[in-house]
Amino acid sequence: MFLLNKINDDLKTAMRAKAELELSVLRMLISALKNKKIELKKQDGLSDEEVVAVLKTDVKKRKDSIESYKAGGRDDLV
């Protein structure tokens, strides 16, 4: 639960600083975490280990997308 609280605190900080890129990334991450919580049908929340697993999965997805866009010559999407 510590990581989830830290992510929410970082979201608030990004909102105050008006850091659009950080805000977008954190919102995407929170959405992925909520989807995982729904998938696991948990009422109380995700453990730190589950949060780390979601983070690793999302990082891998983004890296694979970047490689695919580069291979396809889509520099605008990279």
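How accessible is D64, and does D64 count as buried, partly exposed or exposed? At 35% relative accessibility, D64 counts as partly exposed, where buried means under 20% relative accessible area, exposed over 50% and partly exposed in between, computed with a 1.4 Å probe on protein chains only.

Before selecting anything else, note that this is a predicted model, in which local features need pLDDT of at least 70 and side-chain atom pairs count only at pLDDT 80 or more, while totals for chains, interfaces and linings use all residues. Residues are numbered from 1 along each chain as its sequence is written, and side-chain values use heavy atoms, with hydrogens and water left out.

**Stop 1: helix α1**

Select residues 2–17, which make up helix α1; helices (H or I, at least four residues) are DSSP runs numbered from the N terminus. Its 16 residues reach 23 Å from the first C-alpha to the last, close to the 22 Å expected at 1.5 Å a residue, that expectation being 1.5 Å times one less than the number of residues. Now show the side chains of I7, L11 and A14, which are buried in α1. Looking down the axis of α1, you will find its buried residues within an arc of 70°, so they line one face of the helix; the arc is taken over the directions from the helix axis to the C-beta atoms. These buried residues pack against α2 (20–40) and α3 (48–71), with contact meaning heavy atoms within 4.5 Å. On the other side of α1, F2, R16 and A17 are exposed. Just after the helix, K18 takes a positive phi of about 55°.

**Stop 2: salt bridges**

The structure holds 5 salt bridges, each defined as a side-chain nitrogen of Lys or Arg within 4 Å of a carboxyl oxygen of Asp or Glu. Select K36 and E39 for one of them, with the closest N and O atoms 3.6 Å apart; both residues lie in helix α2, 3 residues apart, about one turn of the helix. K36 is partly exposed at 26% relative accessibility, whereas E39 is exposed, with a relative accessible area of 55%.

Key:
Helices (H or I, at least four residues) and strands (E, at least two) are DSSP runs, numbered from the N terminus.
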